[in-house]
Amino acid sequence: MSSPKIASLSWGQMKVQDCSTVYKDCKVWPGGSRSWDWRETGTEHSPGVQPADVEEVAKKGVQTLVIGRGMSEALKVPASTVDYLKRQGINVLVLQTEQAVKEYNALAAQGVKVGGVFHSTC
């Protein structure tokens, strides 16, 4: 299974290739994607992305996980989340969302088993 390309990104809207859903925030992995609903884990901009937010994608066999912190990088990523992923043997990239999508798409195009969690607003 290959990782689906992020087909488009604009403020508050993301589209994943071969998926009709328009996401605000999303999780993607080799062979799939879904909405990232922060209420599932009680996530807020601070302290930010929790290990529980990335666990689902980490378990999909990804080599690299890209975290998009938002257009203005308002979403924090604590060291505990990065450490959790590294302990799973997963490379982690934490970037502003537009840069995160570019990096994610480049890795997917190279055939890397890449996953992502992306915040498309602030």
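Trainee: Is His-119 buried or exposed?

Mentor: The relative accessibility of His-119 is 1%. Residues under 20% relative accessible area are called buried, those over 50% exposed and those in between partly exposed (1.4 Å probe, protein chains only). With its 1%, His-119 therefore counts as buried.

Trainee: On what kind of model do such values rest?

Mentor: Residues are numbered from 1 along each chain as its sequence is written, and side-chain values use heavy atoms, with hydrogens and water left out. Local features need pLDDT of at least 70 and side-chain atom pairs count only at pLDDT 80 or more, while totals for chains, interfaces and linings use all residues, since this is a predicted model.

Trainee: In which element does His-119 lie, and which tryptophans does His-119 touch?

Mentor: His-119 lies in strand E8; strands are DSSP runs of E with at least two residues, helices are runs of H or I with at least four, and both are numbered from the N terminus. A contact requires heavy atoms within 4.5 Å. Not counting residues up to four places away in sequence, the partners of His-119 include Lys-24, Asp-25, His-45, Arg-69, Met-71 and Thr-97. Also among them are the tryptophans asked for, Trp-36 and Trp-38.

Trainee: How are the rings of Trp-36 and Trp-38 arranged?

Mentor: Rings of Phe, Tyr and Trp (its six-membered ring) pair if their centres lie within 6.5 Å; planes under 30 degrees apart count as stacked, over 60 as edge-to-face and the rest as tilted. By this rule there are two aromatic pairs. In the pair of Trp-36 and Trp-38, the centres are 5.7 Å apart and the planes stand at 50°, so the arrangement is tilted.

Trainee: What relative accessibility does Trp-36 have?

Mentor: Trp-38 is buried, with a relative accessible area of 13%. Trp-36 counts as buried because its relative accessibility is 3%.

Trainee: What type of pair do Tyr-104 and Phe-118 form?

Mentor: Tyr-104 is buried at 0% relative accessibility, and Phe-118 is buried as well, with a relative accessible area of 0%. Their ring centres are 5.6 Å apart and their planes are at 85°, so the pair is edge-to-face.

Trainee: Which elements does this pair link?

Mentor: The two residues are 14 positions apart, and the pair links distant parts of the chain. Tyr-104 belongs to residues 97–109 and Phe-118 to residues 114–119, which are helix H3 and strand E8.

Trainee: With which residues is Asn-105 in contact, leaving aside its neighbours within four places in sequence?

Mentor: Asn-105 is found in helix H3 and counts as buried at 17% relative accessibility. Once the neighbours within four places are left aside, its contacts are Lys-5 and Ile-6.

Trainee: Which residues are joined by a cis peptide bond?

Mentor: Most peptide bonds are trans. Here omega is about 10° at a cis bond, and its proline is found in the loop between E5 and H1. The residues joined are Ser-46 and Pro-47.

Trainee: What is the phi of Asp-18, and what is that of Glu-73?

Mentor: Most residues other than glycine have a negative phi. Asp-18, in the loop between strand E2 (13–16) and strand E3 (22–23), is exposed with a relative accessible area of 80%. Glu-73, in the loop between strand E6 (64–68) and helix H2 (79–87), is partly exposed at 37%. Both phi values are positive: for Asp-18 near 65°, and for Glu-73 about 55°.

Trainee: How many helices and strands does the protein have, and in what order do they run?

Mentor: The protein has three helices and eight strands. From the N terminus on, their order is β-β-β-β-β-α-β-α-β-α-β.

Trainee: What is the radius of gyration of the protein?

Mentor: The radius of gyration is taken over C-alpha atoms, and the globule rule is 2.2 Å times the number of residues to the power 0.38. For 122 residues this rule gives 14 Å, and the protein is close to it, so it is as compact as a globular protein of that length. Its radius of gyration is 13 Å.

Trainee: What percentage of the contacts with a separation of 6 or more comes from residues 24 or more positions apart?

Mentor: Of the 122 residues, 46% count as buried. Among contacts with a separation of 6 or more, the share from residues 24 or more positions apart is 68%.
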